[in-house]
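These are my notebook entries on one structure. I set down what I looked up, topic by topic.

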Number of protein chains: 2
Amino acid sequence: MSPTRKSAKRELPVLNDDPRSWEFRAAVAMLRLQGRLERCLSDGLAAHGLTLAQFDVLMTLCHGDGITQQELAEWLLVTKANVVGLIDRVEAAGWVERRADPDDRRVKRLYLTNAGRKLARKAQPGQHTLIQRIFGRLSEAELRQLHGMLVRLEKACSEGG
Amino acid sequence: MSPTRKSAKRELPVLNDDPRSWEFRAAVAMLRLQGRLERCLSDGLAAHGLTLAQFDVLMTLCHGDGITQQELAEWLLVTKANVVGLIDRVEAAGWVERRADPDDRRVKRLYLTNAGRKLARKAQPGQHTLIQRIFGRLSEAELRQLHGMLVRLEKACSEGG
DNA sequence: TATTGTTATACTCTATAACTATA
DNA sequence: TATAGTTATAGAGTATAACAATA
């Protein structure tokens, strides 16, 4: 955690205490957790010179080398134009490379370099430790429930979104 | 949803199927949901000319008018320098105003203008509808459980972060 | 000395539109 | 015509450091 970014000391108006629906309270708690979680994980990645988005790219390619930029854009839920800049950066860093597709000369397929794979493996343990420390507060039964709920919620997001 | 940002059609390597710990699977599902959720809610706010961060400011001030910029920074988990830009924008839009603190001439306290309060009230129903549509997939019992777990996870983030 | 807010600078991520080269 | 990737442009958010005014 950077020195200028401290955690709140004083109690501020807590939205969670509102007399609102449980849907709303859960959503607010989700958004607040999102901010915290993102920052926790980002701080852990900064030591490796990685942003969360870049780590996301590495992890995606770790599990599915050779996808196209368009597919990565759909997976990350960003536009293909965004993927260009994202890949430009990780390619400049030497972690990912674009290779022409022999069958369709329009497409470029993305592959991890050895350095990228190595970095992914190096950065993962720290992320795992953080995740263990945070999510380890819940029992395995709770984690299973949570996982199920999150998957259903994501499905709801995708369908109507 | 913008026309160039489509939802994924093809099945891509799904990290959730990894033979990993439930902590990890839950975390991955959480991060994916949070990305989706952010985009859903952002898209809903764009119609009102608001970003999620700006709506967050309005909602915070709705429930706690008169906080200082430093307090807002701690609440939003960003640096005070970031708050300057954030408030510059919502102040320029006429939704928030800075007022000098009579007791401490260093601090500036933040207040919603009438326009800001009106906008917050106008933008809220759409957000509520979205939240209802997504989180309404879960039963009230599940939502209570989820809420409890999210609060515990956020606490875990804050403590060790 | 410490704190509040500010300015200055730079980088990442994102959205949009127009463009190219292929198909 | 449609698609994959690119370029160009703009704006928002963030991190960092140095600064002014005040306590």
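**Entry 1: the two copies**

Which rotation superposes chain B on chain A? I note first that the model is a predicted one. I found that a rotation of 180°, with 0.0 Å of shift along its axis, superposes chain B on chain A, and the RMSD is 0.1 Å. The two copies are thus related as by a two-fold rotation axis. I then looked up the interface: 100% of the interface residues of chain B are also interface residues in chain A, so the copies meet through the same surface.

**Entry 2: the make-up of chain A**

I looked up the elements of chain A and found six helices and three strands. Read from the N terminus, their order is α-α-β-α-α-β-β-α-α. Chain A has 161 residues, of which 47% count as buried. I also looked up its contacts: among those with a separation of 6 or more, 51% are between residues 24 or more positions apart.

**Entry 3: helix H5 of chain B**

Helix H5 of chain B covers residues 114-135, which is 22 residues. From its first C-alpha to its last I read 31 Å, close to the 32 Å expected at 1.5 Å a residue. Where does H5(B) bend? The bend is at Gln124(B) and amounts to about 25°. A proline, Pro125(B), follows within four residues.

I next looked up burial in this helix. The buried residues of H5(B) include Gly116(B), Leu119(B), Ala120(B), Ala123(B) and Gln127(B). Gln124(B), the site of the bend, is also buried. Towards the end of the helix, Ile131(B) and Phe135(B) are among the buried residues. As a general point, an α-helix has 3.6 residues a turn, so residues three or four places apart point the same way.

**Entry 4: a helix pair across the chains**

I compared H5(B) with helix H1 of chain A, residues 22-46. Two packed helices are described by the angle between their axes and the distance between the axes. Here the axes come within 9 Å and cross at roughly 95°. That makes H1(A) roughly perpendicular to H5(B).

Which residues meet? From H1(A) I list Glu23(A), Phe24(A), Ala26(A), Ala27(A) and Met30(A). They meet His128(B), Ile131(B), Gln132(B) and Phe135(B) in H5(B).

Arg39(A) also lies in helix H1 of chain A. At 23% relative accessibility, Arg39(A) counts as partly exposed. Arg39(A) and Leu52(A) are 13 residues apart in sequence, and their C-alpha atoms are 9.1 Å apart in space.

**Entry 5: helix H4 of chain B**

Helix H4 of chain B runs over residues 80-92 and has 13 residues. Its reach from first C-alpha to last is 18 Å, close to the 18 Å expected at 1.5 Å a residue. Its buried residues are Val83(B), Gly85(B), Leu86(B), Ile87(B) and Val90(B). What covers them includes helices H2 and H3 and strands E1 and E2 of chain B. Just after H4(B), Gly94(B) takes a positive phi of about 85°.

**Entry 6: leucines with a positive phi**

Most residues other than glycine have a negative phi. I therefore looked at Leu77(A), whose phi is near 65°, and which counts as buried at 9% relative accessibility. Leu77(A) is in the loop between helices H3 and H4 of chain A. In chain B, Leu77(B) has a positive phi of about 65° and is found in the loop between H3 and H4 of chain B. At 9% relative accessibility, Leu77(B) counts as buried.

Conventions:
Residues are numbered from 1 along each chain as its sequence is written. Chains are lettered from A and ligands numbered from 1 in the order in which they are written. This is a predicted model: local features need pLDDT of at least 70, side-chain atom pairs count only at pLDDT 80 or more; totals for chains, interfaces and linings use all residues. Side-chain values use heavy atoms; hydrogens and water are left out. Helices (H or I, at least four residues) and strands (E, at least two) are DSSP runs, numbered from the N terminus. The expected span of a helix is 1.5 Å times one less than its number of residues. The bend at a residue is the angle between axes fitted to the seven residues ending there and the seven starting there. Buried means under 20% relative accessible area, exposed over 50%, partly exposed in between (1.4 Å probe, protein chains only). Copies are superposed by least squares on the C-alpha atoms of residues with pLDDT of at least 70 in both. Contact means heavy atoms within 4.5 Å. Axes are lines fitted to C-alpha atoms, for helices over the stretch in contact, and angles run from 0 to 180 degrees between N-to-C directions. Angles under 35 degrees count as roughly parallel, over 145 as roughly antiparallel, 65 to 115 as roughly perpendicular and the rest as oblique.
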